[in-house]
Each structure stands twice: as C-alpha cells, then as structure tokens.
Amino acid sequence: MKKIDFSKLEMYKNIEKTEKEKVDVRSSFANMIYSGTSGIAFHALAYKIYNSNGSEEYNENECELIRRVAEYGGQPRFIDAINDVLK
C-alpha cells in the first residue's frame, strides 16, 4: 500500500530537478484514465482519484495501473513525479 495525495503531487519544474511545485492532478489524471483506458479496474481507479480528498491509500494493483497510465500518456515531469511517489 502506498499513500498518494493527487491534490498536492510534487512535480519538478525543470529537467535538472532542482525545483518542485505542488500540483492538483486529480481531475486531469482521472480524466486521462477515464478516457484512455478500458476495464472496471481503471474505471474504479479514475473515480477513486477524482473523489480523493488528500492522501489516499492505493494497493499494489492500483499502483501498477497508475504507473502504466502515467508512463503511457503522461508528460515526462508527471512520470517522474509518479515514479517518485511509488518508490
């Protein structure tokens, strides 16, 4: 289980990774999952992320789905942020 706060995801502002900013990615990431994937597990995950308030626990399967979606459709700085929280 990992606790992730998608309302305050720390994302790098530059490729040197010397500056970060907290970004609320709940809606954008949930929409990426909702419109770009198939299956009930992704459906449930999209709603869990969208409706989250602060830090939520995600099980191993959910974390793998999060990683797969981020790597498939996310900006490089978003991929790095997800990889950081899933370490």
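Which residues does glutamate 62 touch, not counting residues up to four places away in sequence? The legends below take up this residue and its surroundings. The model is a predicted one, in which local features need pLDDT of at least 70 and side-chain atom pairs count only at pLDDT 80 or more, while totals for chains, interfaces and linings use all residues. Residues are numbered from 1 along each chain as its sequence is written, and side-chain values use heavy atoms, with hydrogens and water left out.

**View 1. Glutamate 62 in helix H3.**
Glutamate 62 touches Leu45, Lys48 and Glu57, not counting residues up to four places away in sequence, where contact means heavy atoms within 4.5 Å. Glutamate 62 counts as buried because its relative accessibility is 15%; buried means under 20% relative accessible area, exposed over 50% and partly exposed in between, with a 1.4 Å probe and protein chains only. Helices (H or I, at least four residues) and strands (E, at least two) are DSSP runs, numbered from the N terminus.

**View 2. The buried and exposed residues of helix H3.**
H3 has 14 residues and reaches 20 Å from its first C-alpha to its last, close to the 20 Å expected at 1.5 Å a residue, the expected span being 1.5 Å times one less than the number of residues. Its buried residues are Glu62, Cys63, Leu65, Ile66, Val69 and Ala70. Seen down the axis of H3, these buried residues fall within an arc of 160 degrees, so they line one face of the helix; the arc is that of the directions from the helix axis to the C-beta atoms. On the other side of H3, Glu60 and Tyr72 are exposed. The cover over the buried residues of H3 includes strand E1 (2-4), H1, helix H2 (40-50), strand E4 (56-58) and helix H4 (76-85).

**View 3. The packing of helix H1 (residues 26-36) with helix H3 (residues 60-73).**
The two helices pack at an angle of about 90 degrees, with their axes 11 Å apart, where axes are lines fitted to C-alpha atoms, for helices over the stretch in contact, and angles run from 0 to 180 degrees between N-to-C directions. H1 is therefore roughly perpendicular to H3, a term for angles of 65 to 115 degrees. Phe29, Met32 and Ile33 of H1 meet Ile66, Val69, Ala70 and Gly73 of H3 in this contact. Its residues divide into 6 nonpolar, 1 polar and no charged; Ala, Val, Leu, Ile, Met, Phe, Trp, Tyr, Cys and Pro count as nonpolar, Asp, Glu, Lys and Arg as charged, and the others, Gly among them, as polar.

**View 4. The contact of helix H2 with helix H3.**
The axes of H2 and H3 come within 11 Å and cross at roughly 90 degrees, which makes H2 roughly perpendicular to H3. Ala41, Phe42, Leu45, Lys48 and Ile49 of H2 and Glu62, Leu65, Ile66, Arg68 and Val69 of H3 make the contact, and its residues divide into 7 nonpolar, no polar and 3 charged. Within H2, Phe42, Leu45, Ala46 and Ile49 are buried; seen down the axis of H2, its buried residues fall within an arc of 100 degrees, so they line one face of the helix. These buried residues pack against H1, E4 and H3.

**View 5. Lysine 8 in the loop between E1 and E2.**
The C-alpha atoms of lysine 8 and lysine 22, 14 residues apart along the chain, are separated by 4.9 Å. Lysine 8 touches Lys22 and Val23, not counting residues up to four places away in sequence.

Notes. Angles under 35 degrees count as roughly parallel, over 145 as roughly antiparallel, 65 to 115 as roughly perpendicular and the rest as oblique.
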